[in-house]
Amino acid sequence: MITLDSISKKFGARTLFEDVTVSFSEGNRYALTGPNGCGKSTLLKIIMELDEATSGKAYKPKKVGFLKQNIESFKDFKVIDTVIFGNDKLYKVMHERDQLYEKEMTNDIGMRLAEIEEIIADEDGYSAESEAADLLIGMGIDIEFHEKLLKEIPLDKQFRTLLCQALFGKPEALLLDEPTNHLDLESITWLENFLANYSGTLIVISHDRYFLNSVATVIADIDYETIILYPGNYDDMVLTKTKIRDRTERETKNKDKKIEKLNEFISKFRSGTRASQVQSRVKEIHKLQPQELRKSNIQRPYIRFVPPEIIPGKSIFKIEKISKSYDANQVIEDFSFDVMRGDKIAIIGNNGQGKTTLLKMIADVLTPDSGSCQTGHNVSTGYFPQNHLDLIDKNSNITLIDWLKSKKDNALEQEIRGVLGKLLFAGDDAFKQVKALSGGETARLILASLILTEPNTLVFDEPNNHLDLEAVSALAWGLDEFKGTAIFSSHDRDLISNVATKILAFEDGEINYFLGSYDEYLAKKSYV
């Protein structure tokens, strides 16, 4: 069990949560939710004693698995050893044992080795390598990578290795902050199954709605400067929270109406013979006076892409026999495909198979080694890169409003401020420097530029990365309502299911085309 006892956290005048007392019990899987910046990651760090609460105390079990992001700390570790480090006590004694066996045997060394072997047995160390290997394979990291140094394997596999480290050693509690980042759909499914069978206390943060609905048994929602527990998954929480909010607002309106009638009576008979009745009404008003309705911190951006009146031709992109390789690695070979006006195409598949490469060639930011990507008549393309630094220089002092102005020279300041407001940049936020933005804010700024410039074709590479759940929902709505053409890659199954009408699947070394929704694609695949 994990317990928070009167926990508060403040940054200057800003309060994230105040005097929170709550317990996370064994056997439940808690999804910690709330918009970007509400304090989700901070709370996990407080539990792990990596950050200090302003007041209060957090209590946790002895053995807790925590998803770290410090790849640099393990770059010179073997992959298998990085996972075993999830139990640092076990890793240290195993490392000490290996060093002692290299020395000349003495009585002291022999006695210490006996102590170490006892510790290794207590920590299930004799099955450590097989457990670590099973976790790695489940995460799509083949045996050939296990003995390599972490820095020698692809970046997405490095992040997966750190996730395996958090899962290693049968921890009594698991704290996972965005565990599905850098995972492909196959690995996410494996993780869902693993967590569904996990018997300890799980607290997970994720922007993947489908993942939360599959995993969570309780939602711990950070809002109103506290943490409110809702039984069920994320969709259950949203429904319950909306009903409670609506009921509270109705009750407040009813009280306001009653107070208005009481005030009319008081004004009418204040100086008459009904003074006792007036005083009675005054007392009733004091009882009815509603408390200020606290504002929820949930905010949903308004994302609506409006293409210009100029309609492009029927053919948006004609892709003919394109090939692309990086050194000896052939990523795409002799691939041909047509993107037609009005298509909503999702590109899916495991990481490292060429999805980003294909999108870059379509967006004309990468040249194929052979073949061609032809853009159709009157096609204007808006590109959202997976790496935001491809568009935004984080070393620049440029402000949001000036960066957007550079995207559309003739845009009026009022128009730019309107778009920024829709993406939750209010007031003086327009004068923030782009280098000070978080990952989620940077993603929203890029979306603001695409709303402002009004392309008729959207090419998106993992646009939901770094966005919170409300922003991902708004993005799915915006893409679904978009009257133009969209081709995008994503690991977010909710986004794919709600938007895509065609699927390009990177699988088994091929790129396969499917006409239909993602759910229809999955149904056909399971049937086959």
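Start by selecting strands E3 (residues 29–33) and E7: they run parallel and are joined by three bridges. Strands and helices here are DSSP runs, numbered from the N terminus (strands E, at least two residues; helices H or I, at least four). Two strands pair if DSSP finds at least two bridges between them. This is a predicted model, where local features need pLDDT of at least 70, side-chain atom pairs count only at pLDDT 80 or more, and totals for chains, interfaces and linings use all residues. Numbering runs from 1 along each chain as its sequence is written, and side-chain values use heavy atoms, leaving out hydrogens and water.

Now pick Arg29. Its bridge partner in E7 is Leu202.

Click Asp177 to find its partner in E7, Ile205.

Show helix H7 (residues 185–196) as well. E6, H7 and E7 form a right-handed β-α-β unit. To check the hand, point the strands away from you: the path from the first strand over the helix to the second runs clockwise.

Stay on E7 (residues 201–205). How many of its residues are buried? Five of five. Buried means under 20% relative accessible area, exposed over 50%, partly exposed in between (1.4 Å probe, protein chains only). In a regular strand the side chains alternate between the two faces of the sheet. On one side of E7 are Thr201, Ile203 and Ile205, on the other Leu202 and Val204, all buried.

Last stop: Glu49, in the loop between helix H1 (40–47) and strand E4 (55–59). Glu49 counts as exposed because its relative accessibility is 56%. Draw a C-alpha distance from Glu49 to Tyr59: 9.7 Å, with the two 10 residues apart along the chain.
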